[in-house]
Amino acid sequence: MKHLIDIKDLSTDEINHLIVVAQDIIKNKERYSKKCEGKKIATLFYEPSTRTRLSFEAAMYELGGNVLGFSSSSSSSVSKGESVSDTVKVISGYADIIVIRHPKEGAPLVASMKSDVPVINAGDGGHNHPTQTLTELLTIQCEKHRLTDLTIGICGDLKFGRTVHSLIAAMARYKNIKFVLISPKELEIPDYIRKDILEKNNIEYYETNNLEKFMPNLDILYMTRVQRERFFNEEDYIRLKDSYILDKTKLENAKDDLCIMHPLPRVNEISVEVDDDERACYFKQAKYGKYIRMALILDLLGIK
Ligand code: NCD
């Protein structure tokens, strides 16, 4: 039985295959509309979510399956003190596949050890978010037509942003990828990403607090929100929250084919005036999320 807890659970071939299937789904939606008839997905969300939960649910409905679950811990037995292990043990008797988001790093891994059905990590604390990364890879493939030879700027909260950690781990596998990591000092990438991924694989990367300086070099600019819920005090959040605001002026020196991405939700980091720029890909990116999740559900359920 396969789970997806960390992007490293997938080989590069498996990732590439999911992208091919997702692209086929986009072209031939009707061929997939009954693939999951009689199957159920459970979405167990102990943390807020809009896109991730609803795109998983939409994905299952579009495959002809059904959905059950909860969208906040207060509406489930967690509020009575039930452990994740017990909840998952029970739910794996009700559903064919489980998606879980949890504020504690490692909770989905624990869940996968107790589950009788495949478990997907939909975000664990400030750690990982592998299905968001699959979304980014499909977006990059569809918009740039390649996953190699790219200079990727990642800007904002690189410390707590779980999508950033999974994205670096995934893109570091492809040829000739360079990273420009743009953040205030306090929100730099965790040391394990620097050592175990970037340095270990000899990836070229720069760490800077200057977005404008590197803008002309970038093929992709991945903006992120400062992760308020992971801060120990509100003062630090307030001081750092508007460190970077992407607007039209800052894009003046950017490439014509820059791809501007953001996992969303956006707070202030991209000015709404950028939404009309044809380089803005973040709303398209959210749409791609549904298709790659359809491909992932089929794969984990072993449906061809
Ligand atoms: C991200 C998350 O939950 O980590 N959102 C998402 O899944 N699209 C990013 C964020 O919350 O900033």
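Q: Which residues does Ser-85 touch, not counting residues up to four places away in sequence?
A: Contact means heavy atoms within 4.5 Å. By that rule, Ser-85 touches Val-110 and Lys-114. This is a predicted model: local features need pLDDT of at least 70, side-chain atom pairs count only at pLDDT 80 or more, and totals for chains, interfaces and linings use all residues. Residues are numbered from 1 along each chain as its sequence is written, and side-chain values use heavy atoms, with hydrogens and water left out.

Q: Is Ser-85 buried or exposed?
A: Buried means under 20% relative accessible area, exposed over 50%, partly exposed in between (1.4 Å probe, protein chains only). Ser-85 has a relative accessible area of 18%, so Ser-85 is buried.

Q: Where does Tyr-94 lie?
A: Helices (H or I, at least four residues) and strands (E, at least two) are DSSP runs, numbered from the N terminus. Tyr-94 lies in the loop between α3 and β3 (97-102). Tyr-94 counts as partly exposed, at 48% relative accessibility. Tyr-94 touches Lys-40 and Leu-68, not counting residues up to four places away in sequence.

Q: How many residues are in the largest nonpolar core?
A: In soluble globular proteins, nonpolar side chains tend to be buried together. A nonpolar core is a set of buried Ala, Val, Leu, Ile, Met, Phe, Trp, Tyr and Cys residues joined through side-chain atoms within 4.5 Å. The largest here has 64 residues; Leu-134 and Phe-179 are among those with the most contacts inside it. Helix α10 (residues 282-300) gives the most to this core, nine residues.
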